[in-house]
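Me: I would like to go through the terms used for a protein model. Please say what each label rests on.

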Amino acid sequence: MTLSTLIAPATLTEAVLAAVGNGAWSPCEVLTAVADQHADRCDVIATLWDLVDAGSLEYVAGLGYPAFRIARP
């Protein structure tokens, strides 16, 4: 675990949600958008999947690359 994850996991979660909401669909785009969080790549990827499990994000299959978007109600 990184220091940023130990201190403020909610901040990373909010940053990932904001990044996806602002159009960062791929994990690489999300990593770039949340670079100010100083989180490890594995923490950001884990946060993406946690948000999918929580129903906040959807994983978009079939695009030829991993993509995420805000879940539709």
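**Rings, strands and core**

Reply: Trp49, Tyr59 and Phe68 form one aromatic cluster. The model is predicted, so local features need pLDDT of at least 70 and side-chain atom pairs count only at pLDDT 80 or more, while totals for chains, interfaces and linings use all residues. Residues are numbered from 1 along each chain as its sequence is written, and side-chain values use heavy atoms, with hydrogens and water left out.

Me: What makes Trp49 and Tyr59 a tilted aromatic pair?

Reply: Rings of Phe, Tyr and Trp (its six-membered ring) pair if their centres lie within 6.5 Å; planes under 30 degrees apart count as stacked, over 60 as edge-to-face and the rest as tilted. Trp49 and Tyr59 are 5.1 Å centre to centre with 35 degrees between the planes, so they pair and are tilted. Trp49 lies in helix 4 and Tyr59 in strand 1, ten residues apart. Helices (H or I, at least four residues) and strands (E, at least two) are DSSP runs, numbered from the N terminus.

Me: Why is the pair of Trp49 and Phe68 called edge-to-face?

Reply: The ring centres of Trp49 and Phe68 are 5.1 Å apart and the planes stand at 80 degrees, so the pair is edge-to-face. This pair joins helix 4, which holds Trp49, to strand 2, which holds Phe68, 19 residues apart.

Me: Why is Phe68 called buried?

Reply: Buried means under 20% relative accessible area, exposed over 50%, partly exposed in between (1.4 Å probe, protein chains only). Phe68 has 1%, so it is buried. Trp49, at 37%, counts as partly exposed, and so does Tyr59, at 39%.

Me: How do you know that strand 1 and strand 2 pair?

Reply: Two strands pair if DSSP finds at least two bridges between them. Four bridges join strand 1 (residues 57-60) to strand 2 (residues 67-70), and the strands run antiparallel. Val60 stands opposite Ala67 in strand 2. The hairpin has six residues between the strands, and Gly62 there takes a positive phi near 85 degrees.

Me: What makes a set of residues a nonpolar core?

Reply: The set must be buried Ala, Val, Leu, Ile, Met, Phe, Trp, Tyr and Cys residues joined through side-chain atoms within 4.5 Å. The largest nonpolar core has 14 residues, and among those touching the most other members are Leu12, Val16 and Val44. Helix 2 (9-21) and helix 4 (41-53) each supply at least two residues of this core. The largest share, five residues, comes from helix 2.
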